Amino acid sequence: LGDWTLGDPADRIIAYDFGDTGHLDHLLCYRPGAGLVRIFEKQVDGTGTITFRQVFDSASGIGFSGPKGPAGYDLGNSADRVIAYDCEGSGHLNDLVCYRPGKGAIAVLKSTGAGTYQQVYFQGDPGAGIGGFSLAYPADQVIAYDYDRSGKPDHLLCCRPGVGLVRILTLQADGTFTPVFTSRGPTGIGNYDFRSPADQVTAYDFGGAGHLSDLVCYRPGTGTIWIVQNRAPGAPILNGCK
(Lines give C-alpha, C1' and ligand atoms only; values in the text may rest on other atoms or scores of the structure.)
Protein backbone atom coordinates (compact mmCIF):
# COMPACT_ATOMS: atom_id res chain seq x y z
CA LEU A 1 0.00 0.00 0.00
CA GLY A 2 2.05 2.91 -1.27
CA ASP A 3 5.36 2.39 0.49
CA TRP A 4 3.74 0.72 3.51
CA THR A 5 5.00 -2.84 3.19
CA LEU A 6 2.92 -4.46 5.95
CA GLY A 7 6.15 -6.22 6.78
CA ASP A 8 5.62 -6.33 10.54
CA PRO A 9 3.12 -8.77 12.15
CA ALA A 10 1.99 -5.93 14.45
CA ASP A 11 0.89 -3.66 11.56
CA ARG A 12 -2.72 -2.47 11.60
CA ILE A 13 -4.98 -0.48 9.26
CA ILE A 14 -8.20 1.44 9.93
CA ALA A 15 -10.55 3.33 7.62
CA TYR A 16 -10.47 7.04 8.42
CA ASP A 17 -12.06 10.35 7.37
CA PHE A 18 -8.80 12.31 7.13
CA GLY A 19 -10.34 15.11 5.04
CA ASP A 20 -13.38 15.65 7.32
CA THR A 21 -15.70 15.02 4.35
CA GLY A 22 -17.99 12.47 5.98
CA HIS A 23 -16.38 9.68 3.93
CA LEU A 24 -14.09 6.98 5.28
CA ASP A 25 -11.94 7.28 2.18
CA HIS A 26 -8.47 7.26 3.72
CA LEU A 27 -6.47 4.42 5.25
CA LEU A 28 -4.53 5.03 8.45
CA CYS A 29 -1.70 2.52 8.82
CA TYR A 30 0.20 2.20 12.08
CA ARG A 31 2.82 0.01 13.70
CA PRO A 32 2.35 -0.24 17.48
CA GLY A 33 5.62 -0.57 19.31
CA ALA A 34 7.49 1.37 16.63
CA GLY A 35 5.51 4.63 16.50
CA LEU A 36 5.06 4.59 12.73
CA VAL A 37 1.88 6.18 11.32
CA ARG A 38 1.03 6.82 7.68
CA ILE A 39 -2.21 7.91 6.06
CA PHE A 40 -3.01 7.20 2.41
CA GLU A 41 -5.70 8.40 0.01
CA LYS A 42 -6.85 6.55 -3.09
CA GLN A 43 -6.15 7.91 -6.54
CA VAL A 44 -7.49 6.68 -9.88
CA ASP A 45 -5.78 7.69 -13.13
CA GLY A 46 -7.31 7.96 -16.59
CA THR A 47 -6.85 4.26 -17.25
CA GLY A 48 -8.68 3.24 -14.07
CA THR A 49 -5.49 2.24 -12.29
CA ILE A 50 -5.77 2.63 -8.53
CA THR A 51 -2.82 3.88 -6.49
CA PHE A 52 -2.49 5.23 -2.97
CA ARG A 53 -0.84 8.57 -2.21
CA GLN A 54 0.66 9.25 1.20
CA VAL A 55 -0.79 12.36 2.87
CA PHE A 56 0.60 11.94 6.40
CA ASP A 57 3.80 10.38 7.72
CA SER A 58 5.13 10.15 11.27
CA ALA A 59 7.88 8.12 12.86
CA SER A 60 6.93 9.19 16.37
CA GLY A 61 3.23 8.44 16.74
CA ILE A 62 0.46 11.06 16.68
CA GLY A 63 1.45 14.58 17.65
CA PHE A 64 -0.99 16.96 19.31
CA SER A 65 -1.24 20.16 21.30
CA GLY A 66 -2.83 20.54 24.71
CA PRO A 67 -2.16 21.25 28.39
CA LYS A 68 -2.94 17.83 29.84
CA GLY A 69 0.01 15.81 28.63
CA PRO A 70 3.13 15.68 26.45
CA ALA A 71 3.22 16.67 22.82
CA GLY A 72 2.16 13.38 21.37
CA TYR A 73 1.04 9.79 21.75
CA ASP A 74 4.13 7.81 20.80
CA LEU A 75 2.55 4.43 19.87
CA GLY A 76 5.67 2.99 21.44
CA ASN A 77 3.98 -0.02 23.02
CA SER A 78 2.98 -3.13 21.10
CA ALA A 79 -0.42 -3.05 22.86
CA ASP A 80 -1.32 0.40 21.45
CA ARG A 81 -4.50 0.72 19.40
CA VAL A 82 -5.93 3.55 17.28
CA ILE A 83 -9.59 4.06 16.38
CA ALA A 84 -11.43 6.73 14.40
CA TYR A 85 -13.89 8.74 16.51
CA ASP A 86 -16.30 11.69 16.32
CA CYS A 87 -15.51 13.77 19.39
CA GLU A 88 -17.14 16.91 17.92
CA GLY A 89 -20.54 15.37 17.17
CA SER A 90 -20.23 16.26 13.49
CA GLY A 91 -21.14 12.81 12.23
CA HIS A 92 -17.65 12.45 10.75
CA LEU A 93 -15.06 9.93 11.92
CA ASN A 94 -12.20 12.40 11.52
CA ASP A 95 -10.89 12.38 15.10
CA LEU A 96 -8.76 9.72 16.80
CA VAL A 97 -8.53 7.77 20.03
CA CYS A 98 -5.19 6.16 20.88
CA TYR A 99 -5.19 3.79 23.85
CA ARG A 100 -2.96 1.26 25.60
CA PRO A 101 -4.94 -1.56 27.24
CA GLY A 102 -3.31 -2.93 30.37
CA LYS A 103 -1.66 0.41 31.15
CA GLY A 104 -4.60 2.82 31.50
CA ALA A 105 -3.19 5.17 28.87
CA ILE A 106 -5.52 6.92 26.42
CA ALA A 107 -5.56 10.08 24.28
CA VAL A 108 -8.69 11.53 22.63
CA LEU A 109 -7.60 13.79 19.79
CA LYS A 110 -9.66 16.27 17.78
CA SER A 111 -8.54 16.82 14.20
CA THR A 112 -7.72 20.43 13.40
CA GLY A 113 -6.93 19.67 9.76
CA ALA A 114 -3.98 18.54 7.63
CA GLY A 115 -2.80 15.94 10.11
CA THR A 116 -2.73 18.18 13.19
CA TYR A 117 -4.58 17.31 16.38
CA GLN A 118 -5.73 18.96 19.57
CA GLN A 119 -5.80 17.07 22.83
CA VAL A 120 -9.31 16.62 24.26
CA TYR A 121 -8.52 14.04 26.94
CA PHE A 122 -5.23 12.45 28.00
CA GLN A 123 -3.94 9.81 30.40
CA GLY A 124 -0.30 8.79 30.16
CA ASP A 125 1.31 5.45 31.01
CA PRO A 126 0.45 4.47 33.68
CA GLY A 127 -2.95 6.11 33.60
CA ALA A 128 -6.44 5.92 35.05
CA GLY A 129 -8.27 5.10 31.83
CA ILE A 130 -11.39 7.04 30.90
CA GLY A 131 -14.84 7.64 32.39
CA GLY A 132 -14.28 5.19 35.23
CA PHE A 133 -13.12 2.46 32.85
CA SER A 134 -9.57 1.78 33.99
CA LEU A 135 -8.12 0.21 30.82
CA ALA A 136 -6.08 -1.87 33.26
CA TYR A 137 -6.64 -5.21 31.52
CA PRO A 138 -4.72 -6.18 28.34
CA ALA A 139 -7.96 -7.47 26.76
CA ASP A 140 -9.80 -4.13 27.17
CA GLN A 141 -11.34 -2.74 23.98
CA VAL A 142 -12.65 0.70 22.97
CA ILE A 143 -14.81 1.45 19.91
CA ALA A 144 -16.67 4.51 18.59
CA TYR A 145 -20.44 4.03 18.78
CA ASP A 146 -23.66 5.92 17.95
CA TYR A 147 -25.42 5.15 21.23
CA ASP A 148 -28.37 7.52 20.83
CA ARG A 149 -29.07 6.78 17.14
CA SER A 150 -28.27 10.39 16.19
CA GLY A 151 -26.10 9.51 13.21
CA LYS A 152 -23.03 10.59 15.16
CA PRO A 153 -20.54 7.98 16.46
CA ASP A 154 -19.68 10.30 19.33
CA HIS A 155 -19.82 7.79 22.19
CA LEU A 156 -17.10 5.41 23.31
CA LEU A 157 -18.02 1.83 24.15
CA CYS A 158 -15.46 0.24 26.45
CA CYS A 159 -15.60 -3.47 27.21
CA ARG A 160 -13.59 -6.04 29.14
CA PRO A 161 -13.88 -9.50 27.57
CA GLY A 162 -13.60 -12.33 30.05
CA VAL A 163 -15.10 -10.20 32.81
CA GLY A 164 -18.36 -9.01 31.25
CA LEU A 165 -17.91 -5.31 31.95
CA VAL A 166 -19.31 -2.87 29.39
CA ARG A 167 -19.42 0.91 29.78
CA ILE A 168 -20.62 3.49 27.24
CA LEU A 169 -19.23 7.02 27.64
CA THR A 170 -20.18 10.47 26.42
CA LEU A 171 -17.95 13.55 26.25
CA GLN A 172 -18.90 16.46 28.49
CA ALA A 173 -18.24 20.15 27.83
CA ASP A 174 -15.47 20.20 30.44
CA GLY A 175 -13.49 17.50 28.60
CA THR A 176 -14.43 14.64 30.92
CA PHE A 177 -16.20 11.45 29.92
CA THR A 178 -19.17 10.12 31.87
CA PRO A 179 -21.08 6.85 31.52
CA VAL A 180 -24.54 6.65 29.96
CA PHE A 181 -24.60 2.87 30.26
CA THR A 182 -22.82 0.49 32.62
CA SER A 183 -23.42 -3.24 32.80
CA ARG A 184 -24.57 -4.30 36.22
CA GLY A 185 -22.21 -7.03 37.28
CA PRO A 186 -20.68 -9.39 34.70
CA THR A 187 -23.68 -9.19 32.38
CA GLY A 188 -22.21 -7.68 29.22
CA ILE A 189 -24.74 -5.98 26.97
CA GLY A 190 -28.01 -7.08 25.37
CA ASN A 191 -27.69 -10.52 26.98
CA TYR A 192 -24.27 -11.06 25.39
CA ASP A 193 -22.16 -11.72 28.46
CA PHE A 194 -18.61 -11.00 27.24
CA ARG A 195 -17.36 -13.78 29.51
CA SER A 196 -14.73 -15.10 27.07
CA PRO A 197 -11.34 -13.36 26.71
CA ALA A 198 -11.69 -13.94 22.95
CA ASP A 199 -14.85 -11.81 22.63
CA GLN A 200 -14.85 -8.91 20.17
CA VAL A 201 -17.29 -6.08 19.44
CA THR A 202 -17.80 -3.74 16.49
CA ALA A 203 -20.36 -1.02 15.73
CA TYR A 204 -22.77 -1.85 12.89
CA ASP A 205 -25.69 -0.37 10.93
CA PHE A 206 -28.22 -3.22 11.16
CA GLY A 207 -31.16 -1.22 9.81
CA GLY A 208 -29.35 0.47 6.93
CA ALA A 209 -30.14 3.91 8.34
CA GLY A 210 -26.60 5.24 8.01
CA HIS A 211 -26.07 5.10 11.77
CA LEU A 212 -23.48 2.94 13.57
CA SER A 213 -25.98 2.42 16.36
CA ASP A 214 -26.03 -1.36 16.55
CA LEU A 215 -23.43 -3.83 17.75
CA VAL A 216 -21.98 -7.10 16.53
CA CYS A 217 -20.60 -9.17 19.40
CA TYR A 218 -18.76 -12.33 18.44
CA ARG A 219 -16.57 -15.08 19.84
CA PRO A 220 -14.03 -16.36 17.30
CA GLY A 221 -13.30 -20.05 17.52
CA THR A 222 -16.82 -20.94 18.66
CA GLY A 223 -19.11 -19.75 15.85
CA THR A 224 -20.99 -17.48 18.27
CA ILE A 225 -22.24 -14.11 17.01
CA TRP A 226 -24.98 -11.82 18.31
CA ILE A 227 -26.42 -8.61 16.87
CA VAL A 228 -27.51 -6.16 19.56
CA GLN A 229 -29.72 -3.12 18.94
CA ASN A 230 -30.26 -0.21 21.30
CA ARG A 231 -34.02 0.36 21.18
CA ALA A 232 -34.18 2.55 24.28
CA PRO A 233 -31.36 4.75 25.59
CA GLY A 234 -30.01 3.22 28.77
CA ALA A 235 -31.21 -0.29 27.97
CA PRO A 236 -29.58 -1.86 24.89
CA ILE A 237 -31.40 -5.12 24.18
CA LEU A 238 -30.90 -8.10 21.96
CA ASN A 239 -32.16 -7.80 18.40
CA GLY A 240 -30.98 -11.15 17.05
CA CYS A 241 -28.48 -13.88 17.64
CA LYS A 242 -26.96 -16.99 16.17
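**Close-up views of a predicted model**

Asp 125 is partly exposed, with 38% relative accessible area. The views below come from a predicted model.

**View 1. A salt bridge joins Asp 125 and Arg 100.** The closest N and O atoms of Asp 125 and Arg 100 are 3.0 Å apart. This pair links distant parts of the chain: Asp 125 lies in the loop between strand 10 (116-123) and strand 11, Arg 100 in strand 8 (residues 95-100), and 25 residues separate them. Whereas Asp 125 is partly exposed, Arg 100 counts as buried at 8% relative accessibility. Salt bridges with shared partners join Asp 125 and Arg 100 with Asp 74 and Asp 80 in one network. The whole structure has 11 salt bridges.

**View 2. Arg 160 pairs with Asp 140 in a salt bridge.** Here the closest N and O atoms are 2.7 Å apart. Arg 160 is in strand 12 and Asp 140 in the loop between strand 10 and strand 11, so that distant parts of the chain, 20 residues apart, are linked. Both partners are buried: Arg 160 has 8% relative accessibility, and Asp 140 has a relative accessible area of 2%.

**View 3. Asp 193 and Arg 219 meet through their side chains in a salt bridge.** The N to O distance is 3.0 Å. Asp 193 sits in the loop between strand 14 (177-182) and strand 15, and Arg 219 in strand 16 (residues 214-219), so the pair ties together parts 26 residues apart in sequence. Asp 193 is partly exposed at 30% relative accessible area, while Arg 219 is buried at 19%.

**View 4. Asp 146 is buried without a salt bridge.** The residue belongs to the loop between strand 11 (141-145) and strand 12 (155-160). Arg 149, the nearest side chain of opposite charge, is 7.0 Å away. A polar atom of the Asp 146 side chain lies 2.8 Å from the backbone nitrogen of Gly 151. Beyond its neighbours within four places in sequence, Asp 146 has contacts including His 211, Leu 212 and Ser 213.

**View 5. Asp 154 is also buried and has no salt bridge.** Asp 154 is in the loop between strand 11 and strand 12. Its nearest side chain of opposite charge is Lys 152, 5.8 Å away. Apart from neighbours within four places in sequence, Asp 154 is in contact with Tyr 85, Asp 86, Gly 89 and Tyr 145.

**View 6. The largest pocket holds about 680 Å³ of space.** Of its 27 lining residues, Val 82, Ile 83, Val 142, Ile 143 and Val 201 are the closest to the centre. Strand 1 (12-16), strand 7 (81-85), strand 11 and strand 15 (200-204) each supply at least two residues of the lining.

Conventions
Residues are numbered from 1 along each chain as its sequence is written. This is a predicted model: local features need pLDDT of at least 70, side-chain atom pairs count only at pLDDT 80 or more; totals for chains, interfaces and linings use all residues. Side-chain values use heavy atoms; hydrogens and water are left out. Helices (H or I, at least four residues) and strands (E, at least two) are DSSP runs, numbered from the N terminus. Buried means under 20% relative accessible area, exposed over 50%, partly exposed in between (1.4 Å probe, protein chains only). Lys and Arg count as positive and Asp and Glu as negative; His and the chain ends are not counted. A salt bridge is a side-chain nitrogen of Lys or Arg within 4 Å of a carboxyl oxygen of Asp or Glu. A polar contact is a pair of N or O atoms within 3.5 Å; within protein, one must be able to donate a hydrogen and the other to accept it, and residues adjacent in sequence count only if both atoms are side-chain atoms. Contact means heavy atoms within 4.5 Å. On a 1 Å grid over the protein atoms alone, a cavity is a set of points where a 1.4 Å probe fits but cannot get out, and a pocket is an open set with protein on both sides within 12 Å along at least five of seven lines; lining residues have an atom within 4 Å of a point. Grid points are joined across faces, edges and corners, and a volume is the space filled by probe spheres set on the points.
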